[in-house]
Each structure stands twice: as structure tokens, then as C-alpha cells.
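Welcome! Have the sequence and the model open beside you, and try each exercise before you read its solution.

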Amino acid sequence: MNRKYLWPIVGLVSVVILFFIWGRLFSPTRIAFVHYQVISLGQISKANTNPFIKVKDVGTDEIKRLSGFDMVIIDAMGLRINEEQRETLLKISQKVPVLSITATNPANDIVSVDSAQVGILKSYLYSGGRKNYHSMLEYVRKYIDKKKIYTEEPSEPVPAANNMIYHPDVENAENEDLGFDSVAGYNAFLKKNKLWKEAAPRVVLTGTMGDPEDLIKELENTGNVVYPVRHLHKAIMEKRLDTIAPSLVINMAHGRLGDMVVGELKRRNIPLVCPLNVNRSQESWEADKMGMSGGFLSQSIATPELDGALRPFVLFGYRTDKDGLPEVYAMPERLDVFVKNIDNYLSLKSKANADKKIAIYYFKGPGLNNMVAGGMEVGPSLFNLLKRLKAEGYKVDGLPSTSKNLEKLIQRQGAIFGGYAEGAIAEYIKNGNPELISKEDYESWVAKCLR
């Protein structure tokens, strides 16, 4: 053969061989997660320390992309795909290993992984935790993608963490949360790490809808002792709440806690606060004039209020992590406002009633229209409330002797005017005893409360 043609052929063959070796031994393992909870996906991402394992979040509208991955893992609980999407997924599963878990629709229980490997993978995924997730990713690279280089032997699945109390590792936040089976053991940890404050309010944090790390840190920074509890119901049943003696409970979940838990909080006079997770990026939530709607709104706000929950305040949203995956986080400027609000609630326990400030909101139409509320006598009800507050030591100055006189006072000093009532507005400014504030004060209040 003419050497002129030999060397290009040798070069081409070498490239093919090198490409083959790269694909079989070195190339990254690409794992797609479909319909996965962002909270779990964030933990999986943090558990991945191998630069040759790439984790991607793929939406149900991008199913065709899955053919380019080395492994597909689907959380099929409540998965909604049409027949065309399902057929596409079935075809892909003939070439790409696919594992569906927690399928609520049998048609979506699509599995093309070897049956001996299904149990191991499910053990990693169901048990959760960074150690299991790390081993699961390494298992996929070594035994499913069958890469020989840049992999490690995965550990055996370990049972799910079931410690009563947890806390981020103080020395390295990237590590698995530390677990404690007793309040005494947790208190010893707090004292060792200078997080214990003898007379400080004790705040119980529970639920799984938010990422608690920054919230725990900020509550501790403002002087509280925080008890992140995995299962509040269990803590009550085992009398652990007696030892903690919390001043307040924060529940990072939507839905109800249940009558038993609510009854215990009511008996102990413990306020319940439920911050919200908007379940999407902060930017898209802020751009949406509706904000929250439908069943998600009722489960996140209306239902917790049945338990007596306070302050339905948006705290958590999604952002993109270093690997391009969505992760849950506490929005920093909202975290600051939320924790200050919590501290204000807690301060009420130690304040005398005379030093507390209460704002009472009522509905009133313009001009001489009455105060109204369906099925209620607003004037007499408000009068009785103010009398009760005064009897309990609250500062209620200038309260008239009867509810009728209170209504007259509100008509005179709490009037509402339309733009047409210029003369009435001037009369009100002159004789209605309004609280006049400077433009600078008003703007400073607005700047503090609104971005």
C-alpha cells in the first residue's frame, strides 16, 4: 500500500481506538433525574464529589433528551405524562437503563435495569442521606455504566437517619447532618460548640419543605437555641418536648400537623409559625402577579391556619447550584425579615402587657359607611375586645364609655375618603387628630419593608 495513504488510515484508526477507550473507560457518566423533588435533588448534587459523574434535572417535556444519558432515574409518584411521552420513554429504556420508583400509575413503572441492581439502587434512594446518595452515584458509574477509571467502590446502603434531633456539622457544612437520639446529647453538642445559651428562647424546627441550614444559623445568631426535630409527633409521644420546653415551633411543611400535635401546642401555649416554599425560582415567583394559587395555596396557607399557624411568609424558593441543578434555599433578604419577626414574637413572652403594641385591622367603607363584617356587630365586638385588653393591663387610652361612642370616634378619627371629598379631607386634617409623619420617615419605613 502506498505510504501516502497508510498514515491517514493509521491516524484515523488511532482516533477511533482512542475514542473507544475514552468512551469505555474515562468518559463522564451522565445521570438524568426526572420529576424529582428539588429538596432530594439538592442533596444528591451535594453528595456528588466525582467530577466524572454528571447529574442533570430533566423535565417531562424533555423526555426525548433522555436518549443521551447513561442512566435515567424517575420519581414516578404523581407523574403525569401522555401516551406519546410514555411510548418515547419505553423506547429509550430499551437502550438506556431506566429506573422508576414510587410509581402511583402502573403504566409509569418503567424499569430496564437488571433486577439484581434494582433492589440496591432503591435501597440507596429510599434511605436517602448524602452517604447513600454518594454511593448510589458511584454504583451507577461502576456497575451500570461500567466505567473503569475515576470510580470508587460504593459502600453498602445504610438505614435512613432516624435520630430525633439533627444539626448541620459545625466544622464542615458539606458533611452529613449530625444526629442525636437524646435531648441531653444534643445539649452537650450545643455547649461544646458554644451554641448553648442558658436563658435563651428554645425554637423547635420541623418539616421537610425548606432547607433548614441557613434558618438554623440565623436563629442561632440572633440568640435562640434551635432544636431541629425530624418527627414532631414522635417527639411529643416520647415526652421529648417536655425536656426541650420550646417557646415556639416552626413547621417547614404544608398541610396539617394533626389534632394531637395541635392539642399539645395549644395546651402549652406554644405559637406555631409556617414559612412557605414557593416551589419554583425566586425570579419566576416574583414575576408572577398571582404568586401562589389553587391547591398549593390552600395546602400551604389555608390548611396550616386550621392548626393555628401564624405568619404564612414566603421564605424558601429555588436557585441554580454550581452544577446547574435546582436547589432549595432560604432567600437571604426574606430570611432576615422572617427571623426578626420570630424574635419579636418570642419577646412577647417576656414583655409586660402595657409594653406590647397591637394593631387591630377592620373593614370600613368611605365616608359615613359603617364598619362591616359578615354576621358580626363590628362596633360592639371591637369595644368588648378593647375593654378586655384594658382589663388585662394593655395600654388603651381614650376608650369611650360605650360602643356607640366608640363608633362615633372611629367615624371622626378613622374616616376614609374618596378623591372627590377635598373639603372633607381638609376638615379631617384639621379636626380629626391624624398622626402626621414626615416624608423621610414614611420613605424609610417603605424601604425597610419593601424591596
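Contact here means heavy atoms within 4.5 Å. This is a predicted model, in which local features need pLDDT of at least 70 and side-chain atom pairs count only at pLDDT 80 or more, while totals for chains, interfaces and linings use all residues. Residues are numbered from 1 along each chain as its sequence is written, and side-chain values use heavy atoms, with hydrogens and water left out. Helices (H or I, at least four residues) and strands (E, at least two) are DSSP runs, numbered from the N terminus.

**Exercise 1. Find the surroundings of asparagine 163.**

Step 1: Locate the residue. Asparagine 163 sits in the loop between helix 5 and strand 5 (165–167).

Step 2: List its partners. Leaving aside neighbours within four places in sequence, asparagine 163 is in contact with Gly179, Phe180, Asp181 and Arg230.

Step 3: Look for a polar contact, that is, a pair of N or O atoms within 3.5 Å; within protein, one must be able to donate a hydrogen and the other to accept it, and residues adjacent in sequence count only if both atoms are side-chain atoms. The side chains of asparagine 163 and aspartate 181 make such a pair, at 3.1 Å.

**Exercise 2. Is serine 27 buried or exposed, and with which side chain does the side chain of serine 27 make a polar contact?**

Step 1: Start with the position: serine 27 belongs to the loop between helix 1 (3–26) and strand 1 (29–34).

Step 2: Apply the cut-offs: buried means under 20% relative accessible area, exposed over 50%, partly exposed in between (1.4 Å probe, protein chains only). Serine 27 has 12% relative accessibility and therefore counts as buried.

Step 3: Check the side chain. That of serine 27 makes a polar contact with the side chain of lysine 147, at 3.4 Å.

**Exercise 3. Describe how helix 2 and helix 5 cross.**

Step 1: Take the axes, which are lines fitted to C-alpha atoms, for helices over the stretch in contact; angles run from 0 to 180 degrees between N-to-C directions. The axes of helix 2 (residues 38–47) and helix 5 (residues 130–144) come within 8 Å, crossing at roughly 70°.

Step 2: Classify the angle: under 35 degrees counts as roughly parallel, over 145 as roughly antiparallel, 65 to 115 as roughly perpendicular and the rest as oblique. Helix 2 and helix 5 are therefore roughly perpendicular to each other.

Step 3: Assign the hand. A crossing is left-handed if the near helix is turned anticlockwise from the far one by less than a right angle, and right-handed if clockwise. For helix 2 and helix 5 the crossing is right-handed.

Step 4: Name the residues. Helix 2 contributes Ser40, Gln43, Ile44, Lys46 and Ala47 to the contact, and helix 5 contributes Arg130, Tyr133, His134 and Leu137.

Step 5: Sort them by class: Ala, Val, Leu, Ile, Met, Phe, Trp, Tyr, Cys and Pro count as nonpolar, Asp, Glu, Lys and Arg as charged, and the others, Gly among them, as polar. The contact of helix 2 with helix 5 has 4 nonpolar, 3 polar and 2 charged residues.

**Exercise 4. Repeat the analysis for helix 7 and helix 13.**

Step 1: Helix 7 (residues 213–221) and helix 13 pack at about 50°, their axes 10 Å apart.

Step 2: This angle makes helix 7 oblique to helix 13, and the crossing is right-handed.

Step 3: On the helix 7 side the contact is made by Asp214, Leu215, Glu218 and Leu219; on the helix 13 side, by Leu335, Asp336, Phe338, Val339 and Ile342.

Step 4: These residues divide into 6 nonpolar, no polar and 3 charged.
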